[in-house]
Amino acid sequence: MKQGATLSIRGLHASIDSKPILQGLTLDVHAGEVHAIMGPNGTGKSTLASVLMGHPRYEVTSGTIQYGDEDVLEMAVDERARAGIFLAMQYPSEITGVTNADFLRSAINTQRGPDNEISLIKFVRKMEKTMQSLEMDTAFMHRYLNEGFSGGEKKRNEILQMMMLEPSLVILDEIDSGLDIDALKVAAAGVNAMRSPDRSFVIITHYQRLLNYVRPDFVHVMMQGRIVKSGGAELAERLEAEGYDWVKHECGIVDVAIEEEPQWAVPMQTVSPRGT
Ligand SMILES: Nc1ncnc2c1ncn2[C@@H]1O[C@H](COP(=O)(O)OP(=O)(O)OP(=O)(O)O)[C@@H](O)[C@H]1O
Ligand SMILES: [Mg+2]
């Protein structure tokens, strides 16, 4: 674990299926800091999260990612997890046949190494205690990972994983989407309980609402695959009130997305019922 380490991303370019998505992203996250990343749909936020975690579909074409003294781009996914990097995904995967408890125990043991495995009793106690704090029914321990979980239950389960794994760099991708108001408060309390001078957070969100509960030190706006504006918590408040137009205007951006006009797009009149 790289506790107290700085994440340093420099000029990151990444593509999927040869399509460039991240286009020169630079960001520093120091230990103890909470950074929120906001931005319109399709501007590369989840791509950044996936690239940080080492998703094999993304190709990093240039730039660097350092975490402490380690070159993250040289590390396999499991090495990144062992280094303390954790991603709560926007769309968590369902894994049939693997219970929530089995999954978490093997994740914790992988992190701890073969000579230092957590005892079953300690693990169960910790899991029960954490589930109680998240107001989760302990029956979720024995259900297959995310299978049939509601949207909100999946998100709460991601917070459970974070609290059990105690990572040093936490990336939360839209952890608030699908959570009801009470669940949002519970999840935010879980995040706040984990805040420490040794741990840093990158929180991707569309809504100020989460940031009312988890106060960020920095807020960044992503457009066209890079960070175009940064500020403090007040930036999120302004975005909530005014939207993104003023940022686009200030940065001279016409189209925020990476996507070009789809080739099948046709002018409206050619599909009008009168054939005009
Ligand atoms: N396999 C793919 N082929 C082509 N384009 C892709 C592929 N995967 C992702 N993209 C595109 O990459 C862009 C960035 O996607 P990403 O999921 O990072 O956006 P986002 O900022 O997280 O959006 P949202 O706020 O909606 O979650 C989108 O335009 C998406 O359609
Ligand atoms: Mg996304």
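This is a predicted model: local features need pLDDT of at least 70, side-chain atom pairs count only at pLDDT 80 or more; totals for chains, interfaces and linings use all residues.

Me: Why is Met-162 called buried?

Reply: Happy to start there. The cut-off is 20 or more other C-beta atoms within 10 Å. Met-162 has 23 of them, so Met-162 counts as buried.

Me: Where is Met-162 placed, and which residues is Met-162 in contact with?

Reply: Met-162 sits in helix α5, residues 151-165. Setting aside neighbours within four places in sequence, the contacts are Phe-86, Ala-88, Pro-167, Val-170 and Met-194. Each of these pairs counts as a contact because the C-beta atoms lie within 7 Å. As for distance along the chain, Gly-151 is 11 residues away from Met-162 in sequence and 17 Å away in space, C-alpha to C-alpha.

Me: What makes β10 a mostly covered strand?

Reply: Count its residues: 5 of the 5 in β10 (residues 200-204) are buried. Ser-200, Val-202 and Ile-204 point one way, Phe-201 and Ile-203 point the other way, and all are buried.

Me: How do you know that β3 and β10 pair?

Reply: Pairing needs at least two bridges. Strand β3 (residues 34-38) and β10 are joined by 4 bridges, so they pair, and they run parallel. One of the partners to look up is His-35, whose bridge partner in β10 is Val-202.

Me: What joins β9 to β10?

Reply: Between strand β9 (residues 169-173) and β10 there are 5 bridges, so this also meets the cut-off of at least two, and the strands run parallel. Leu-172 stands opposite Ile-203 of β10.

Me: Why is the unit of β9, α6 and β10 called right-handed?

Reply: Look with the strands pointing away from you: the path from β9 over helix α6 (residues 181-194) to β10 runs clockwise, therefore this β-α-β unit is right-handed.

Me: How do you know what span to expect of α3?

Reply: The rule is 1.5 Å times one less than the number of residues. Helix α3 (residues 100-112) has 13 residues, so 18 Å is expected, and its first-to-last C-alpha distance of 18 Å is close to that. Just after α3, Gly-113 takes a positive phi of about 90°.

Me: What makes up the shell around ligand 1?

Reply: The shell divides into 4 nonpolar, 8 polar and 4 charged residues. Of the 16 residues there, Asn-41, Gly-42, Lys-45, Ser-46 and Thr-47 come nearest. Helix α1 supplies the largest share, 3 residues, and β2 (19-29) also supplies at least two.

Methods
Residues are numbered from 1 along each chain as its sequence is written. Chains are lettered from A and ligands numbered from 1 in the order in which they are written. A residue is near a molecule or strand if its C-beta atom, placed from the backbone, lies within 6 Å of it. Ala, Val, Leu, Ile, Met, Phe, Trp, Tyr, Cys and Pro count as nonpolar, Asp, Glu, Lys and Arg as charged, and the others, Gly among them, as polar. A residue is buried if 20 or more other C-beta atoms lie within 10 Å of its own, exposed if 12 or fewer, and partly exposed in between; C-beta atoms are placed from the backbone. Two residues are in contact if their C-beta atoms, placed from the backbone, lie within 7 Å.
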